[in-house]
Amino acid sequence: MLENELLLQIAKDYGTPVYVYESEKIIHQYQTLKNAFSEVDVQIKYACKALNNLNILKLLKQQGAGLDVVSIEEAELGLMAGFTAEEILFTPNCVSFDEIKKGVEMGISINLDNISMLEQFGNEYGNSVPCCIRLNPHIVAGGNKNIQTGHIDSKFGISIYQLRHILRVVKSANIHVNGLHMHTGSDILDADVFLRGAELLFDAAVDFPDLEFIDFGSGFKVAYKEGDVTTDIEALGKALSSRFLSFCKQYGKPLQLWFEPGKYIVSECGVLLVKVNVLKQTTATVFAGVDSGQNHLIRPMFYDAWHDIVNISNPDGTPRIYTVVGYICETDTFGWDRKITEIKEGDVLAIKNAGAYGYTMSNNYNARFRPAEVLVENGKYRLIRKREDISDLIRNVVMD
């Protein structure tokens, strides 16, 4: 756990806003998931899109993780961090076939999620290059419509109802299918979702004789506030492992079980430290305006996500009600009507659970700079990304 004194020192040394990550929490989450599935040959492919700083990727590589990427650029980051091509799974969506071909050239594993790409892949490579197929199970799961990926109107995956068509394409082009994949969404509360999806994949798998793995995606729910219901990883591990081993006997050979966690691994490791610029009281609300905004953490505005906010400059003060807002020329609210210990201008607030989809979704709206990133390891901290400056904004501008 990151102590207030340490966070305040980081804010003093590197300024605010600044993202701070705790390596021990990342390792704990990874090992918890790995241990829950110790009865099977489980492969954890960390979802790079959640937090892609090279230092974080190297840390997970050291733990034995593989990598799940959704773009060629993420794959290049993975290779820079030390992952081998064989350890990287490429699951793009709505990309050109040229990007698929680039992935093949790099030697990374290919996961295809539409019939058009499957046909082109088969015509280009036949059975000379294996691929995985992403199926859409038509299971609605996830805490927000923007993170539900397995329903019938989703752009992700090939409908489970098109399985016969998939099999025709695979047979006609002699495609070597070595894996099946699904991902129903994020922030899944009910572990039964995985079990229902598993049965669909098991039913489909019998028609693919050369499988090496089945990939269940991820979407494990983490706690954002006290009392939150989370995915029971241990219970899921026991139930799914037992059913998976049973299926492998039916299938006739052992398979690997893959997951692609992102938020589960890094969400709770991170905080965003911000400084209070101004207190503004209206007839109805007391605003605490801070030196950050939706340009640094868009999840509250985009997903209506809850992030606990604490005043680490005055942790023992009298609790009062504040609405914490940013400095962007939009409505960018981190939290409405939050009970926070008394805030003064200049105080440092910590916005929790900011490790996942914080920095990676940040932007330069209002010509603001992206913040620095700091990693804490064994009580010591170091800078792992410098704060941007004006040169970063104009680096690619072409002038007469």
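This is a predicted model: local features need pLDDT of at least 70, side-chain atom pairs count only at pLDDT 80 or more; totals for chains, interfaces and linings use all residues.

Author: Residues are numbered from 1 along each chain as its sequence is written, and side-chain values use heavy atoms, with hydrogens and water left out.

Reader: Fine. How many helices and strands are there in the protein chain?

Author: Helices (H or I, at least four residues) and strands (E, at least two) are DSSP runs, numbered from the N terminus. Here the protein chain has 12 helices and 18 strands.

Reader: What radius of gyration does the protein chain have?

Author: That radius is taken over C-alpha atoms, and the globule rule is 2.2 Å times the number of residues to the power 0.38. For 400 residues the rule gives a value near 21 Å for a compact globule, and the chain's 23 Å agrees with that. Along the principal axes, the C-alpha atoms fill a box of roughly 70 × 60 × 40 Å.

Reader: And in which sense do strand 12 and strand 14 pair?

Author: Two strands pair if DSSP finds at least two bridges between them. Strand 12 (residues 286-290) is parallel to strand 14 (residues 319-325), with 3 bridges; Gly289 sits opposite Val325 there. Strand 14 also runs antiparallel to strand 15 (residues 333-341), over 6 bridges, and Arg320 has Ile340 as its bridge partner.

Reader: Now Gly157: is it buried or exposed?

Author: Buried means under 20% relative accessible area, exposed over 50%, partly exposed in between (1.4 Å probe, protein chains only). Gly157 has 15%, so it counts as buried. It lies in the loop between strand 6 (131-136) and strand 7 (158-159).

Reader: Which residues is Gly157 in contact with, leaving aside its neighbours within four places in sequence?

Author: Contact means heavy atoms within 4.5 Å. On that basis, Gly157 touches Asp113, Arg134, Leu135 and Asn136.

Reader: Last one: what share of the 400 residues is buried?

Author: Buried residues make up 55% of the chain. As for contacts between residues at least 6 apart in sequence, 68% join residues at least 24 apart.
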